[in-house]
Amino acid sequence: MHRSLRVPAGWLLGLLALFATIPAGGVSAPRRIRVFVALCDNATQGIQPVPAKIGNGEDPAANLYWGCTDGLKSWFRASRLWRLEKTETDLSPRVLERLTFRHVATGAILVADAYRGSQMRACLEDFERALASGEDDLVAFIGHNGLMDGSIESTAPTPGARRPDAVVLCCRSAAYFQPRLGALGARAVLLTEQLMYPGAFILHDVIERWLRGGSTAQFRDAAATAYARNQHISLRAAAGVFTPAERLPP
């Protein structure tokens with residue numbers, strides 16, 4: 001005679017909850033995020049010079065936008081919400097380092113590239129190509145507004161490609177990037193109105209809101225909250241840095 005197998009009630013409830021999260025069509029692919037970071041560079045960018053160590057566009061480890069405390073590499077590595085899965089270096093003459101992170105809760109994949117400061121034009125062109133391809137769900141740019149220093153060639157959207165979301169964290173990005181994003185078929189979800197500091201803490205908190213779903217107004221709120229906390233300014237002043245939701249496409 002065989003004894004009946006008794007399954008703990010807690011284990012069974014957990015299993016049922018897991019199956020409840022799976023879509024009817026099966027397990028969906030993880031959401032993909034691409035980030036293009038143009039390293040801060042005193043020598044080649046039209047910026048107010050910063051200390052030489054953090055303004056060397058050839059050294060990602062110490063760079064303002066990558067290796068410093070608020071830089072993408074440092075900020076996301078320190079986050080408990082993300083896990084670093086892969087580091088690649090010297091991928092090409094323009095890309096010094098690539099990091100691949102996975103979001104702990106959702107499994108979303110974030111791939112970030114650090115471009116030499118002198119390769120601003122290439123960074124912006126690759127950013128727009130990524131948007132045009134529709135291969136990623138969200139594409140972001142961090143750095144100096146290179147369009148202030150000169151124009152770049154327009155990129156045509158890929159026929160039939162899906163419409164990705166776009167975040168552009170640089171000074172006055174709405175005035176320079178919004179028309180280009182529209183022409184690419186991208187949906188701008190966060191742009192800026194003023195001169196600003198594009199620390200990775202902004203993107204980190206906006207992505208967290210984006211992964212849960214939300215509106216452009218909620219993304220702006222998340223960005224403003226992060227910026228106010230970092231810059232020690234009022235929430236109202238921080239909100240003024242980012243483009244109001246009513247001026248972004250639905």
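This is a predicted model: local features need pLDDT of at least 70, side-chain atom pairs count only at pLDDT 80 or more; totals for chains, interfaces and linings use all residues.
Which residues form one aromatic cluster? Good morning, colleagues. The answer is F36, Y115, F127, F141 and F177.

The structure holds 11 aromatic pairs. One of them joins F76 and W82: the ring centres are 5.7 Å apart and the planes stand at 65°, so this pair is edge-to-face. Are these two residues buried or exposed? F76 is buried, with a relative accessible area of 0%, and W82 is buried as well, at 4%.

I turn now to the helices. Two packed helices are described by the angle between their axes and by the distance between those axes. On the α3 side, the contact is made by L124, F127, E128, L131 and A132. On the α4 side, F177, R180, L181 and L184 take part. Sorted by class, this contact has 7 nonpolar residues, no polar residues and 2 charged ones. Please note that F127 and F177, both listed in this contact, also belong to the aromatic cluster with which I opened.

The other pair of helices consists of α5, residues 200-211, and α6, residues 216-231. Here the axes come within 8 Å and cross at roughly 150°. The crossing of α5 and α6 is right-handed. From α5, the residues in contact are F201, I202, D205, V206, R209 and W210. They meet Q218, F219, A222, A223, A226, Y227, R229 and N230 in α6. By class, the contact of α5 with α6 has 9 nonpolar, 2 polar and 3 charged residues.

Where is A112 found? The residue is in strand β4, which spans residues 109-115. A112 is buried, with a relative accessible area of 0%. Leaving aside neighbours within four places in sequence, A112 is in contact with R34, V35, W66, L72, E97, R98 and L99. As for V139, this residue is 27 residues from A112 in sequence, while the C-alpha atoms of the two are 9.8 Å apart in space.

The other position is T243, in the segment after α7, a helix that covers 235-239. Why does T243 count as buried? Its relative accessibility is 1%, and buried means under 20%. The side chain of T243 makes a polar contact with the side chain of E193, at 2.6 Å. Not counting residues up to four places away in sequence, T243 touches A174, L191, T192, E193, R220 and L248.

Finally, let us look at the backbone in two loops. D90 lies in the loop between β2 (82-89) and β3 (95-103). This residue has a positive phi of about 50° although it is not a glycine. D90 is exposed, with a relative accessible area of 56%. R172 is found in the loop between β6 (165-169) and α4 (173-184). For R172, too, phi is positive, at about 50°, and this residue is not a glycine either. R172 is partly exposed, with a relative accessible area of 36%.

Thank you for your attention.

Key
Residues are numbered from 1 along each chain as its sequence is written. Side-chain values use heavy atoms; hydrogens and water are left out. Helices (H or I, at least four residues) and strands (E, at least two) are DSSP runs, numbered from the N terminus. Buried means under 20% relative accessible area, exposed over 50%, partly exposed in between (1.4 Å probe, protein chains only). A polar contact is a pair of N or O atoms within 3.5 Å; within protein, one must be able to donate a hydrogen and the other to accept it, and residues adjacent in sequence count only if both atoms are side-chain atoms. Contact means heavy atoms within 4.5 Å. Axes are lines fitted to C-alpha atoms, for helices over the stretch in contact, and angles run from 0 to 180 degrees between N-to-C directions. A crossing is left-handed if the near helix is turned anticlockwise from the far one by less than a right angle, and right-handed if clockwise. Ala, Val, Leu, Ile, Met, Phe, Trp, Tyr, Cys and Pro count as nonpolar, Asp, Glu, Lys and Arg as charged, and the others, Gly among them, as polar. Rings of Phe, Tyr and Trp (its six-membered ring) pair if their centres lie within 6.5 Å; planes under 30 degrees apart count as stacked, over 60 as edge-to-face and the rest as tilted.
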